[in-house]
Amino acid sequence: MADGKFIVIEGLDGSGKGTQITLLENKLREMGVSLHRTCEPTEHATGGLIRDALCGMTKRTPCELASLFLADRISHCSNPVSGIKKLIENGVTVICDRYYYSSFAYQGMDTDLKWVMDQNLNCPDILQPDLCIFLDVPPAECDARIEKGRAQREIYESGVETITRIRDKYVEVFSLLDGHNIAIINASRKPEEVAKDVLEAVKRIIR
Ligand code: TYD
């Protein structure tokens, strides 16, 4: 049996990741691809600690947050039953909403980027994705979408200035990563137009 593929969808808060993942999921299922959809932070114990920090309930330093995301990712990859590695070995294609590129952009902005990258890229339990799709939307548009859709903002959703810094960090990180398959897609268009480009990028790795 051939291994499944590991696809990561990245983007700023309010970039439409959820919508695009659902559209991609539907298309791939129609094509008969065996799929698993997941996200980070996960729904497991460490993911819960992270969500408490994201909503401001618990105060965490940027280094603590980077370490929590790392621990959450290690168990996400290596859980012997439901981990990403196991699924892929079993021929299942995994679509993950955010992965270590988010740690590089978000925690890399507030701590030492090289330290965050080293921890994640050199960890033997953390898998390198076959494809990362970055849904690129101008920060002001993301800010307007967040404003419309949320009662309360999370710590990284505090205004255009912060969102712009995060986008800049993503761009810097992508330029530093050798050997990673990254597709940057203009996601400031109609969802169905974006979905077409997303599917094309995925078809390049799914034969
Ligand atoms: P969440 O509301 O769960 O999802 P989303 O905004 O993607 O729909 O928010 C996740 C937040 O966590 C988001 O602001 C990005 C942040 N994050 C990091 O800072 N580092 C990471 O490694 C990951 C995976 C997420």
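This is a predicted model: local features need pLDDT of at least 70, side-chain atom pairs count only at pLDDT 80 or more; totals for chains, interfaces and linings use all residues.
Residues are numbered from 1 along each chain as its sequence is written. Local features need pLDDT of at least 70 and side-chain atom pairs count only at pLDDT 80 or more, while totals for chains, interfaces and linings use all residues, and side-chain values use heavy atoms, without hydrogens and water.

**Exercise 1. Sheet and helices**

Task: State in which order the five strands form the open sheet, and which helix packs on E1, E2, E3 and E4.

Solution: 
1. Helices (H or I, at least four residues) and strands (E, at least two) are DSSP runs, numbered from the N terminus. Two strands pair if DSSP finds at least two bridges between them.
2. The order is E2-E3-E1-E4-E5, with parallel pairing. Strand E2 (35–39) and strand E5 (182–186) are the edges, each pairing on one side only.
3. Neighbouring strands are turned by 20° against each other on average, direction ignored.
4. E1 (residues 6–11) and E4 (residues 131–136) pair over five bridges, and Gly11 stands opposite Leu135 in E4.
5. Helix H1 (residues 17–30) touches E1, E2, strand E3 (93–97) and E4, and its direction makes about 170° with that of E2. Contact means heavy atoms within 4.5 Å; axes are lines fitted to C-alpha atoms, for helices over the stretch in contact, and angles run from 0 to 180 degrees between N-to-C directions.
6. H8 lies across E1, E4 and E5, at about 145° to E4.

**Exercise 2. Aromatic pairs**

Task: Find how many aromatic pairs the whole structure holds, and which parts the pair of Tyr106 and Tyr156 ties together.

Solution: 
1. Rings of Phe, Tyr and Trp (its six-membered ring) pair if their centres lie within 6.5 Å; planes under 30 degrees apart are stacked, over 60 edge-to-face, the rest tilted.
2. The search finds 11 pairs. Tyr100 and Tyr101 are edge-to-face, 5.1 Å centre to centre with 70° between the planes.
3. Tyr106 and Tyr156 are also edge-to-face, at 5.0 Å and 80°. Tyr106 lies in helix H5 (residues 100–110) and Tyr156 in the loop between helix H7 (139–149) and helix H8 (160–176), so the pair ties together parts 50 residues apart in sequence.

**Exercise 3. Cysteines**

Task: Determine how many disulfides are present.

Solution: 
1. A disulfide is a pair of cysteine sulfur atoms within 2.5 Å. The count is zero.
2. The sulfur of Cys55 is 16 Å from the closest cysteine sulfur, in Cys39, too far for a bond.
3. Cys55 is partly exposed, at 43% relative accessibility.

Terms used: Buried means under 20% relative accessible area, exposed over 50%, partly exposed in between (1.4 Å probe, protein chains only).
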